[in-house]
Amino acid sequence: MVGPMNESVPDKTLDQFIKLSEILTGCELDVEQGRAHLVRLLSTPLVPPIQEVLKRFERLPRHSLAEVERKMVSDAALRSTLCQIVLLWYTSALRDTVSDPLVLRFGSEQTYFGGLVWHILGAHPPGLSGGYFGHWRYRPDNEPNGTPM
Amino acid sequence: MTQDFDIVVVGSGVAGAITAYRLAQAGARVVILEAGSRNPPRAQMVGAYATAAIKNPHSPYVNAEADKMAPTSDSSPDYYDQPPPPHTQYKSNYERRTGGSTWHWLGHTPRMLRSDFKMKSLYGGGRDFPADMVDWPIDYDDLEPWYCEAERELGVAGDHAQWNNLFNSPRSQPFPMSMIWPSYSDQWIAARLDGKKFEKIEYRVRSTPSARNSQLYDGRPPCAGNSICVPICPIGAKYDGSVHVGKATAAGALLWERCVVNGLTAGKDGSVHAVQFITWGGEQRTVTARLVVLAAHAIETPKLLLMSKLANKSGAVGRYLMDHLSKSTFGLAPENLYPFRGPPSTSGIESFRDGDFRRKQAGFRLSLNNDGWLRKNAPYAEIIDLVMKQKKIGAALQAGLIDRVPRQLRLSCSVEVAPDFNNRVELSTTRDALGIPHPKITFTPPDYSYRGLSRANRVMADMFQRIQATEIDLGTDDKAFDGAGHIMGTCRMGADPKQSVVDEELRCHDHKNLFIVGSSVFPTVGSPNPTLTVAALALRAAKTIAGQLGRRSARARS
Amino acid sequence: MKAIRSRSDLLKLLCEAAELEHGIACSYLYAGFSLKRDLSEGGMTWQEQQMVRRWAAQIYFIASQEMLHLALVWNLTTAIGGTPYYLRPNFPQDSKYYPLNARLALEPFGMECLRRFIVYERPSALNAEHELRMLLAVPGEDAADIEFGSIGELYALIESGFKSIPHEELFIGSPAQQMTRDLVHFPDLIAVTDRDTALRAVHTITHQGEGTSRDREDSHFGAFVSILKEFLDSKSHGANFAPARPALVNPYSGLGRGYGASANPIEQPLTQQAAGLFDSAYGLMLRMLAWSFEVENTGIEAIVSKFCKVAIDFMPRVLLPLGEGLMLMPAGERYRGRTAGPGFGLTRHVMLPAAADNARILCQERLQELSQIAVSLLKQSLPDPAKAACVHIQQLANQFRAEKMS
C-alpha cells in the first residue's frame, strides 16, 4: 500500500511528532520519514486520533521520557495510538485492529526499507541485502546487546 | 503430415524450461505454452512484497488479471475444491507465471536417497507398510549422473564431504560451488547437538545443498543475505525457472504466454499431436507438434489429462497425490542466535531420513531455520506486547526486544507422505474464468506418515531440550501440518502400464509421443525437496525425447 | 615472455603477486565501505538502495576472493621454501609502480574507481577490447589512450616458474606449513605440495579474476563491467542518485610513513585516532595470519587454530565495521564536508616470532593495548559501526587471553 503523497504538514506539528517519536522509539529519527509517517497517521482512523495524542504531548510540562511514561503510556486510552507510532517507525506497518488475529498494513517501499527495528535486532529489513556473502556466519556487526563479554 | 512444431512444452516452470532448452539446443523447433504471464521486473516485485499486508509466497506475484486467468489456490482461496475442515486440507500451492513455482521456492536441493527409489523391496511386507508404496522403475545409480548435471544447470552450492555417501548414496562429482555458509545459529546448535542421539540415531547438522550462488555463477551474483528467498530473491542469486526460460528462448524456443492449454487430442493411433489452448482474450486455438511434453506441475497436468480423457487406461491419472507434511516448532534459546539474517534456512539434519524404521513409519528431514518466530508474527507481535502490555518505550522497549527476538528459533520437519490410491486430483464442477474446471482434491495423509510426523515432533522437542530452550511451542495437535509446497505424484512412473501413467523414460504408456516431466511422475517421494530430482529427470527425459525425435526424423528422411 | 627458472625469481614474483592481491583487496574494501547502507543517508530511492547493496555485496565478495588469492599465494610461497609476504606499499602508488599500468589507490565508489578495478582484472586476451575502451573512456579522453597491463601476465610468469623448475628441487617447504580450508574460511583454498596443486592454485586465481572466454561474466572482470554499466545507466536516469559516502581519496591516519604525495592526512582528532586504531588492528591481523601460514602445524595445531580464529574474526567484526564507521566521521575542516576512511596504513614492525609462546605473548600484549585504545574511544561520540568495532576489539582481546593455548 502506497501511503498518501507528502502533503504539507505544519512544521510545528511535525516537530512535535518527531520529538514524541524519538522518545517512544529511543532512536534519532529522519525528518522526511517522519513527514511520511505523520501524513499517513493523519489520514488513518486511529483511536484516539494522532492529533489528540500530539496535543497531550504538547501539554506535558517537560518533553522527557519520564513524563511520557508517566502521563501518556500509563493511560490505556492513549496507548494504542502510541503503539501504532512505534510500529510505524520500527516496521512501516500499522495494525488494522486491536484484537487477534494480527492484521498489518504496510506503508510505502521507502518506509518499509527504512524500518528501524531490524537494525536494533542486529539484522536488516527482510528483502534488503544484509551484506557480503556469508555474513550470517558471524555475529552481527551491530550486535544487539553491545555489552562486552 | 507437417506439424507446426517438433515439440510443444506445456508449462514454463523449471521442468518445462529445462526440457525446452535442451531440445532447442539440439535443434528442435520448440514452443512453450505458458498459462500465466511474464512477471514484472524483479525490483518491482520486491516492492510489491515490501508493501504487501500478508507477505505470503504469492505476494510479489499478485496481478488481478493473471490471478483470474491462471488461478491457483494462492490467488483464489476456493480454487481447490476439497471438503472443508475438519477434513484435512491439502495446503500446498504453486505459481502459474513464466518461470513457474521456483520463483518462490526456498532453493533447497537435496537428492533422494538410494532407499527412496526401492521402498517396497527394502522395507515392504509388514502390516504397517503402506499398500500403495512401490519401487521406482529406476534406481539411484540410474539418476546419479543426471543429478550431477542438474546441479550444474541450476547452480548448486554444497559440501561434498558432508554429503558424499549419505545413506549409501554416493556423489560422483563435487558440487559446482562450495557450500552456503551455515548461519551462526546453525553452528551454535551443532555445537550442542552433534553426536548426541535420539533413540539411537545420531544428530548431525549438515549444510543444506541449495540452488543458491555462493560465488558468481552463470551470470548471477552470490547470495547477499536478502533473506526473502521465499517469496523472491531480489538479486537472482537463488535459481528460478526464468533462468532456463531465458536460455530456452535464446536457443530458439518460442514462448507463448497467456495461453492456457485446455485440451489434447489423440489420433487413431494414440499419438497426441494437437494441443488446444485458450488465450486470455478468449480466443481458442490449436497448435500441432510431433511430440508433446506436459510440464504443468502436479495439479494442472493430471487435470489436463482428465479433461482430455487421455493417458488413463491405468486409472492412475490424478491418483497418489502426495506432499511432505511440514511442521514448525518454536523455542527460545538461552543465548542470542541472531535470526533474520542470511537465507531462511542454511542447515538441516538428515539422520532421520532412512533406516529400518521405514517399515513402519515415514522418514523425515529436519531444518534449522534462520527466520526466528516470523511465523508467529515476530517482531511485530513483540513490539505490540512490549508497548501495550508491558508499557515499555524508548531504551526499555529496545532492551525488551533485544532480550527476546534474537533468541527466537524455529525448527521444522518435512515428513514423507506415502502414496495412497485415494488421495487424488479430479475435475471439479466449478470452473474458472476461462471455463476450465477447478481441481477437486481429496487428501488424507496415511497413518504411516502421521506416525512419522509424531516422531518428528518428539525429535524436535528433544532438540529444544538439549539446547535448553524455553517457551517451547510444539502446537497442540500432534497431527497438525502445513503444506511443504511439494506437490507430487498424480502421473506416476512405473514399468506396468496397468499401474502407472508413464514409463521409466517419462513417456506415457498410452501415447508414445506424449511425455510428462515434473514432480507428478514421482511414484514415491522420500523426504527431500523435489526440485533437484525434477531437474534431473527432465534432463534425462530431454535426451530421450531428442533421441526419439531424431529417430523419427531419420525414418521420415529414409 | 621471459621464462622463470630460479627459485629466487619465482619467490620475487610471488611477493609481487602478494603485494598486488593484498593492495587490490584493500582498494576493493575501501569502495565497499563507501557505499551507503541506509535510506536515511540520502541520495537513494529504495530501488537504488537495492542496487547499491547488491553492488556492495558483490564488491565485498570479490575482495574476499582476492584474500583467498593472497592465501593461495602464501601457500605457494611456503611450499617452495619462502615465507608469507604481507607487506605492501602505502596508498597511493602511481601507475608505474607495478607493470600493471594502473594506480593503486583508495577511492570511494564511482566511475574512476570502477575503471581502475576493470583494468586490474582485465583478461590477457580480450575480444571486445574496443567496446571496453569505449566503456572506460572519460569524456574528452581519447579511448585509445587507455593503457592496459594484466595481472594475468604476472601469473603466467609464475606458472612458467612452477612448470620449468624441477619439481624435486622446488618443493622444499613442509606440507605441515600449508594452510588448510578448515582453519581459514576459504573452502576453495588449496594446500600446495607439488606441481599439480601449485598449478591448480594459479588457475584458481586467474579463473576467478579474469575468467575464460566462455564464462567471463562470472569473473571479477565481468562483474565489474556489469556494475559499471548499471552505474552509468542509473546516473542517466536519477539525477539525485548518490550511492557513495563523501569519503576522502587516499586518506591516512598519520601513523605510518611512505604515503604518496597525494595522500590526505586525516586531521579531525577523534577520526584520526579511530583511523590509527584501524591501521593497528589491520597490521596485527596481518602478522597473526602470516605467522599462522608460516609455522609448521605439527604439535601446535590448537595454537594455530586459535590464532587463525581470532585473526579471521578481525575482518568481519573489527575492520569492516570500523572501515564503514570511518566513512561516517569527518576528515577535518579543510576537507569541507568530506568524511574519512581507513588508510590501510602499514607501519614498521617485527614479524611474529617462530616460537609459539613468544608469538602469543606479543599478540596478547598488543591486543590489550588496542583494547585500551578502543575503551577510550568508546567514551567519545562515535557512529554505531565504529562503536561496535571497538566493543568487538575488547571481546577479541579477552577471548584471546582466555584461550588455553596448549
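Colleague: Into which domains is chain B divided?
Modeller: This is a predicted model, where local features need pLDDT of at least 70, side-chain atom pairs count only at pLDDT 80 or more, and totals for chains, interfaces and linings use all residues. Residues are numbered from 1 along each chain as its sequence is written, with chains lettered from A and ligands numbered from 1 in the order in which they are written. Domain bounds come from an automatic or database domain assignment. Chain B has domain 1 (1–157 + 240–323 + 421–442 + 486–558) and domain 2 (158–208 + 325–416 + 446–480).

Colleague: How many residues does the contact take from domain 1 and domain 2 of chain B?
Modeller: Two residues are in contact if their C-beta atoms, placed from the backbone, lie within 7 Å. The C-alpha centres of the two domains of chain B lie 30 Å apart. Their contact takes 26 residues from domain 1 of chain B and 29 residues from domain 2 of chain B.

Colleague: Which helix gives the largest share of the side of domain 1 of chain B that touches domain 2 of chain B?
Modeller: Helices (H or I, at least four residues) and strands (E, at least two) are DSSP runs, numbered from the N terminus. Six residues, the largest share, come from helix α5 (residues 140–154) of chain B.

Colleague: Which element of chain A gives the most to the side that touches chain B?
Modeller: That contact takes 51 residues from chain A and 44 residues from chain B. Seven residues come from the top contributor, α5(A).

Colleague: Which helix gives the largest share of the side of chain C that touches chain B?
Modeller: The contact takes 12 residues from chain C and 13 residues from chain B. Seven residues, the largest share on the chain C side, come from helix α2 (residues 46–79) of chain C.
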